[in-house]
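Here is a briefing on one structure, for a reader who wants geometry and cut-offs.

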Amino acid sequence: MRRWWLRFAQAVTVGLAVAALVIALLPADWFASPPGVVTVKEAPALPAEAKPAAAPATLSFQGAARTAMPSVVNIYTAKLVRSPLLDDPVLRRFFGEAAPAPERVTSLGSGVIASPEGYVLTNNHVVEAADEIAVVLPGARTVAARVVGTDPETDLAVLKIAAPDLAPIAFADSDRLQVGDAVLAIGNPFGVGQTVTFGIVSATGRTGLGINTFENFIQTDAAINPGNSGGALVDTAGRLIGINTAIFSETGGSLGIGFAIPANLARQVMEQIVTRGGVVRGWLGIDVADLTPALAARLGLKDTAGVLAAGVQRGGPAERAGLRPGDVLLRFEGEPLSSAADALNRIAALAPGRTATLTVRRDGKEFPLEITVGKRPRLRAPTPGE
């Protein structure tokens, strides 16, 4: 038995020696991990002072919403609509006392408390031709409102309410707004109640939309729906940067293209309505048009610099100064004119009675014209209070 144990030990020893020799003769990469296999090792524990910080809190704009929401109100209007048939004396005599009563039509919108005195900014189209206006404050307080004045050319209106403990909104400098800035739209869409939506500034200085006479819109993708008109567009600090006014839509709902009137313009219009009873703008009595390449070629012009005086009102300031239809307006007060909208806005910003210099090109020659700025006529008769 002992002999067999010795032979087994010798065999094991020889086997181990042969195995060691074989391993030594194999290539070094024979025992590497096969392709596509990743060896994962657990990272050593970090000391307490080196551990990563806790994950940041969820992104939220509740502070901005909480700041701005008390300043945004719901506006309900009503007006009595008569059938035009009742204006016919024959039909009115036929119906007699059985003539149908005027129909009461209601609509809704939003507004922004702009001062502790109770002035409320909204859109003109929200309150236009309304017989009754009610403002619903946060907390469901309902108060009557009167129209202080309107400005149809910017689609703005100022209302006045009498209520205690109002929360006027803070205004931001809308001229500093940049594409990509985060914004919140607050209003009463479809009458469901006060709602906040989130988006960014998609563009600034939008013109040529055919919505208002004077256009300088902020474009946003924050959802704006019917009932949001007149509501607030605010920044992430809850400050007013615009009055929500219109949407581009083929369905009637939000498609992510909404437009707001810049807060700076809204404040200027409000201040003039409150202090002067209406907005006073400069006027030259000209119709201007953009110079497209096709139009410039048809007129025999070498380039598209400036804007075209498409029409000159007889007896207006421009005609009295010598401007003619077909003249090209190159510069206004020494600054180049980039578009018809640019010319209209800059003329309107001048105080009536002052003298302005217009650089004109006619028959290939440039010359200055000194024009005394007039007062822009109103589009329609003033509303009560204007």
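Three bridges join strand S7 (residues 182–187) to strand S10 (residues 232–234), and the two run antiparallel. This is a predicted model: local features need pLDDT of at least 70, side-chain atom pairs count only at pLDDT 80 or more, and totals for chains, interfaces and linings use all residues. Residues are numbered from 1 along each chain as its sequence is written, and side-chain values use heavy atoms, with hydrogens and water left out.

**Barrel**
- Six strands close into a barrel in the order S7-S8-S9-S12-S11-S10, with antiparallel pairing.
- From one strand to the next, the twist averages 45°. Axes are lines fitted to C-alpha atoms, for helices over the stretch in contact; angles run from 0 to 180 degrees between N-to-C directions.
- Ile 186 has Ala 232 in S10 as its bridge partner.
- Helix H5 (residues 263–276) packs on the sheet and touches strands S11 (240–247) and S12 (258–262). The direction of H5 makes about 50° with that of S12.
- Two strands pair if DSSP finds at least two bridges between them. Helices (H or I, at least four residues) and strands (E, at least two) are DSSP runs, numbered from the N terminus.

**Strands S1, S4 and S5**
- Strand S1 (residues 72–81) runs antiparallel to strand S4 (residues 132–137), and five bridges join them.
- Ala 78 has Glu 132 in S4 as its bridge partner.
- Four bridges join S4 to strand S5 (residues 141–151), again antiparallel. Ala 134 stands opposite Ala 144 in S5.
- S4 and S5 form a hairpin with three residues between them. In the turn, Gly 139 has a positive phi of about 95°.

**Aromatic rings**
- A search of the whole structure finds two aromatic pairs. Rings of Phe, Tyr and Trp (its six-membered ring) pair if their centres lie within 6.5 Å; planes under 30 degrees apart count as stacked, over 60 as edge-to-face and the rest as tilted.
- Phe 61 and Phe 198 are stacked, because their ring centres are 4.8 Å apart and their planes are at 20°.
- This pair links distant parts of the chain, 137 residues apart: Phe 61 is in the loop between helix H1 (2–25) and helix H2 (62–68), and Phe 198 is in strand S8 (residues 195–206).
- Phe 61 is partly exposed at 23% relative accessible area. Phe 198 is also partly exposed, at 45%. Buried means under 20%, exposed over 50%, partly exposed in between (1.4 Å probe, protein chains only).
- Phe 217 and Phe 259 form a tilted pair, 5.9 Å centre to centre with 55° between the planes.
- Phe 217 lies in strand S9 (residues 217–220) and Phe 259 in S12, so the pair ties together parts 42 residues apart in sequence. Phe 217 and Phe 259 are buried.

- Asp 327 lies in the loop between helix H7 (317–321) and strand S16 (328–332). Asp 327 is buried at 3% relative accessible area.
- The Asp 327 side chain reaches the backbone nitrogen of Arg 324 at 2.9 Å.
- Thr 122, in strand S3 (residues 119–123), is buried at 0% relative accessible area.
- The Thr 122 side chain reaches the backbone oxygen of Ser 110 at 2.7 Å.
- Not counting residues up to four places away in sequence, Thr 122 touches residues including Ile 75, Val 127 and Leu 156 (contact means heavy atoms within 4.5 Å).

Note on methods. A polar contact is a pair of N or O atoms within 3.5 Å; within protein, one must be able to donate a hydrogen and the other to accept it, and residues adjacent in sequence count only if both atoms are side-chain atoms.
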